[in-house]
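I opened the structure viewer today and kept notes as I went. Here is what I looked up.

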Amino acid sequence: MPIPKNIYNYFFSIAFLLCNVQTLAQEDSTKQKKPPLKITPVQHQLRLNVNLSTPLINAFVNDSLTKRSGYDLSLDYCLKNDVYLVLEGGFGSSDINYKDLKYTTRNGFARIGVDKSMLQRLFPNDWDMLFIGIRYGIGLIQRSEASFSTDDQFWGVTTGTIPPKKLTAHWAELNAGMRVELLKGFFAGYNIRAKFLINDKAFRELPPAYVAGYGKAEKSTVFDFNFYLSYALRW
Amino acid sequence: MIRPSFILFICISLLTIVSCSVDRDPCLLPKTTSLRLGAYQVIDSSQTVTDSALPHPLWIAIDSNIALQYPEKTSKFTLLLSSLADSCRFALQPDSAVASFDTLTFYYQRQLQFLSNSCGYTYYFNITSVKNTFHNLDSVKLQNTTVNSDANSKEHLQLFF
């Protein structure tokens, strides 16, 4: 499967930024001539994140021509060095009801990846984070039979159907975002996501107008924003 | 601990919700697939081909009874092939003052073409042959068999009078 070239650009840019942060930290420590004070967590943390923005936005913008829904949860677990292992999953659907094109889609999706917190801990139980991360996403899509019509001034309306199809979407993501602990164990935060469809060639013939977890399948690059409320379990 | 950036993310959240929309995007691709024809004549002495402007020509799509009357003298025409069948017929009256028609029958293969979710589908055509009568026409020459939404492609059919 061909991978869009700009994915590499983004990955290397992020890697380069991380190197710079590391270098600056080293320079500061040299000037002060003190070993860097590294605060490590004393507990394990597993956090459940509920995406509230996607259902909310869909509730606002659905109309008689387009209905879409998407729900997702994510779990993150703090590994060493403020790196979090992230598992995300969800499902959704879309209902396209244009005058000349009608079909429905349903899909489930999963994402796996890591986030790296860029925020230095102020104390061991400081779990606030400003992070960047990467993901691999997969979506299993079922598109219904589509009906279409074409219209011209000479010959009138022609109608037809396109058979149903099962599709699989693979995509890569760059994430940036934050989580702030508002109350003990309760967080709010957001993710900004740049998504890159890896197998865009599979979506040339009637790509779903909306794939939960990804977005418009006819676009090979999609930007998204998710607002999360989270609860953390610590032990 | 609540950091100042918490305020920032609330602002971003609100802006995002307000700016989001799933309205159908406007269709920015050409949907019409036109058959382009030109009228020509051959000058016998030099065998050069020149445009032959027809006075008030009339085209009739025979199977749909749609007539296309050109009000001015012209040598360039645009027609639409039928996506309902693999052939269609047009009658051409080159001069509105002369009650004489030629019939052109186009045979083609239809190809369903997805444009985008915004534009839907259209049909492209591959012309396999053209048959005509010779009341006014001398001959026809099929130059370009592919009829698609490319308006800059070579003219499809030359009509010689």
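**Entry 1: ground rules.** I count helices (H or I, at least four residues) and strands (E, at least two) as DSSP runs, numbered from the N terminus. This is a predicted model, where local features need pLDDT of at least 70, side-chain atom pairs count only at pLDDT 80 or more, and totals for chains, interfaces and linings use all residues. Residues are numbered from 1 along each chain as its sequence is written, while chains are lettered from A and ligands numbered from 1 in the order in which they are written.

**Entry 2: confidence.** I noted ipTM 0.76 and pTM 0.76 for the model. For chain B I found a mean pLDDT of 84, with 86% of its residues at 70 or more; pLDDT is the predictor's confidence in each residue, from 0 to 100.

**Entry 3: chain A overall.** I found two helices and 10 strands in chain A. Along the sequence I read α-β-α-β-β-β-β-β-β-β-β-β. Next I checked burial: a residue is buried if 20 or more other C-beta atoms lie within 10 Å of its own, exposed if 12 or fewer, and partly exposed in between, with C-beta atoms placed from the backbone. Of the 235 residues in chain A, 34% are buried.

I also looked at contacts, meaning two residues whose C-beta atoms, placed from the backbone, lie within 7 Å. In chain A, 63% of the contacts with a separation of 6 or more come from residues 24 or more positions apart.

**Entry 4: chain B overall.** Chain B gave me one helix and 11 strands, in the order α-β-β-β-β-β-β-β-β-β-β-β. Buried residues are 21% of its 161 residues. Of the chain B contacts between residues at least 6 apart in sequence, 49% join residues at least 24 apart.

**Entry 5: one strand in chain A.** I picked β6(A), residues 146-152. Its covered face holds A:A146, A:F148, A:T150 and A:D152, and its uncovered face holds A:S147, A:S149 and A:D151. Which strands pair with β6(A), if pairing takes at least two DSSP bridges? Strand β4 (residues 101-117) of chain A is joined to β6(A) by two bridges and runs antiparallel to it. There I saw A:L101 opposite A:F148. Strand β7 (residues 156-162) of chain A is also antiparallel to β6(A), over seven bridges. On that side A:F148 has A:G160 as its bridge partner. I also noted that β6(A) and β7(A) make a hairpin with three residues between them.

**Entry 6: nonpolar cores.** I took a core as a set of buried Ala, Val, Leu, Ile, Met, Phe, Trp, Tyr and Cys residues joined through C-beta atoms within 7 Å. The largest has 21 residues, and B:L35, B:L37, B:L79, B:L81 and B:F90 have the most contacts inside it. Among the chain B elements that give it two or more residues are β1 (34-43), β6 (87-93) and β8 (120-132). Leaving out residues up to four places away in sequence, B:F90 touches B:W59, B:I60, B:A61, B:I62, B:L79 and B:L104. A second, separate core of 20 residues includes A:F109, A:A146, A:V211 and B:Y121.

**Entry 7: B:T122.** I found B:T122 in strand β8 of chain B. Why does B:T122 count as buried? Because 24 other C-beta atoms lie within 10 Å. Not counting residues up to four places away in sequence, B:T122 touches A:T150, B:K31, B:T33, B:Q113, B:L115 and B:S149. B:T33 is 89 residues away along the chain, yet the two C-alpha atoms are separated by 7.9 Å.

Notes
Pairing = 2+ DSSP bridges.
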